[in-house]
Amino acid sequence: MQLRHFQNEFPYLVKALLSAKKAGRLSHSFLIHNDDGKLADDFSISLAQALACTNPLPDGDSCGNCVVCKQLEHRTYSELFTLAPVSKSRQIVIGVDDTIPDTMRWFRSLFHMKSSMAGGIKIGIIYDADCMNDESQNCFLKTLEEPPPSSHVLLVTANPFTLLPTIRSRCQSILLLRNKTSYEDEKIRGIAGIMWELMSSSNKISTAEECAFAMISISDNLEKFAEEKADVKWDRIFEDSKYLEPPAKKRLEKQHEAAISAEYLKMRDSMLSLIHSWSAQAYMLSCGIPRDSIANPELFPRDLNVISSIDPEKAYRMMRKSEDLLQILNWNVDTDLAFREFCMGVEFGK
Ligand SMILES: [Zn+2]
């Protein structure tokens with residue numbers, strides 16, 4: 001399958017990749033952030049074909065017909081090396097030595113071996129790259145720092161934020177997200193307004209502090225919001241359960257608590273996803289991508305003059321900082337401090 005096959009669904013992505021290919025500006029390493037495994041699998045092979053095809057089309061796409069294209073399609077290309085989690089623990093481990101299949105050391109030894117094919121392009125694909133544990137990631141970092149000649153490596157993942165920042169920063173990000181998230185909860189959508197505030201201010205400590213405070217306040221109140229939301233339904237259930245026996249009542253209370261914590265987790269995920277997705281879309285807008293081509297135009301001002309005032313450098317910084325923020329919040333850390341550092345970092349680039 002050629003890259004142009006994905007043009008309808010991801011027109012800007014395909015256009016950007018092909019023009020970079022034509023100009024010889026394609027990265028050595030890619031991070032394919034996806035929410036659909038089959039799509040990501042097809043796309044990574046198409047990208048591999050575009051990178052390794054021996055008879056590319058004038059626009060940079062693969063021919064789809066040469067031996068390399070055919071072999072890649074059938075996964076029989078001798079210079080294609082893949083790694084994926086296989087153990088029950090779903091981890092990609094480093095391995096004791098390079099002889100144990102499906103480990104990082106094994107993958108690296110094959111990927112760095114002298115090519116059997118003169119002039120051939122090596123392709124490494126790591127599926128579910130977030131399953132690499134820290135040790136594997138550190139080991140893999142050496143491949144990113146000193147890749148074998150004429151090689152490209154593709155990391156495929158649904159959770160890029162669990163990867164080390166040093167890995168993410170060395171890869172060109174490819175956003176292959178099919179499911180557009182809608183942010184229906186009003187309280188969560190409040191985050192978009194704060195993000196805009198932060199984006200449009202210029203080097204003001206007070207704005208950065210106000211924005212951090214507003215984010216912290218939403219984050220601190222999530223549990224309360226979740227309870228309110230769950231109780232719309234549960235008030236009636238409790239009303240109907242007045243005449244139940246105590247053990248049945250107790251069971252209901254347990255279910256009630258579980259419903260609140262499920263709602264809380266959902267809202268928290270949604271908030272974090274909004275922070276990241278908003279900044280990624282702001283960055284797209286700052287690069288000139290039209291407002292109606294982004295996933296959530298409803299989260300941005302309608303006025304095109306206002307949109308064109310977004311500073312690309314700041315938008316890029318916000319996107320990177322939001323990736324860091326998500327990763328930090330995955331650990332159990334001081335949330336207030338994390339939000340403050342995020343807002344200050346976006347505002348002053350530290
Ligand atoms: Zn070809």
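Tutor: Buried means a relative accessible area under 20%, exposed means over 50%, and partly exposed lies in between (1.4 Å probe, protein chains only). By that rule, 46% of the 350 residues of the chain count as buried. This is a predicted model: local features need pLDDT of at least 70, side-chain atom pairs count only at pLDDT 80 or more, and totals for chains, interfaces and linings use all residues. Residues are numbered from 1 along each chain as its sequence is written, and side-chain values use heavy atoms, with hydrogens and water left out.

Student: What is in the chain, and what makes a stretch a helix or a strand?

Tutor: The chain has 13 helices and five strands. The C-alpha trace spans about 75 × 55 × 35 Å along its principal axes.

Student: Which atoms of the protein are called donors of the zinc ion, and why?

Tutor: A donor is an N, O or S atom within 2.8 Å of the metal (3.2 Å for Na, K and Ca); water is not among the atoms, so sites may look incomplete. The SG atoms of C53, C63, C66 and C69 lie 2.2 to 2.4 Å from the zinc ion.

Student: What geometry does the zinc site have, and how do you know?

Tutor: Four donors count as tetrahedral if all angles lie between 85 and 135 degrees. Here the angles among the four donor atoms are 104 to 119°, and the site is tetrahedral. The ideal angle for four tetrahedral donors is 109.5 degrees.

Student: Are C66 and C69 buried or exposed?

Tutor: C66 has 11% relative accessibility, so it counts as buried. C69 is at 0%, so it is buried too.

Student: How many disulfides are there, and how do you know?

Tutor: A disulfide is a pair of cysteine sulfur atoms within 2.5 Å. The structure holds zero of them. Take C139: the nearest cysteine sulfur, that of C171, is 15 Å away, and C139 is in no disulfide. C139 is at 6% relative accessibility, so it counts as buried.

Student: Why is β1 called mostly covered, and which way do its side chains point?

Tutor: Six of its six residues are buried. S29, L31 and H33 point one way, while F30, I32 and N34 point the other way. In a regular strand the side chains alternate between the two faces of the sheet.

Student: Why is D42 called buried, and what does it contact?

Tutor: D42 is found in helix α2 (residues 37-52). Its relative accessible area is 18%, so it is buried. Contact means heavy atoms within 4.5 Å. Leaving aside neighbours within four places in sequence, D42 is in contact with M1 and F6.

Student: What makes I194 buried, and which residues does it touch?

Tutor: I194 lies in helix α7 (residues 186-200). At a relative accessible area of 10%, I194 is buried. Not counting residues up to four places away in sequence, I194 touches C211, A214, M215 and I218. Its C-alpha atom is separated by 40 Å from that of A48, 146 residues apart along the chain.

Student: How many contacts join residues at least 24 apart in sequence?

Tutor: The figure is 73% of contacts in the chain between residues at least 6 apart in sequence.

How values were computed:
Four donors count as tetrahedral if all angles lie between 85 and 135 degrees; four count as square planar and six as octahedral if opposite donors are over 155 degrees apart and all others between 65 and 115; anything else is irregular. Helices (H or I, at least four residues) and strands (E, at least two) are DSSP runs, numbered from the N terminus.
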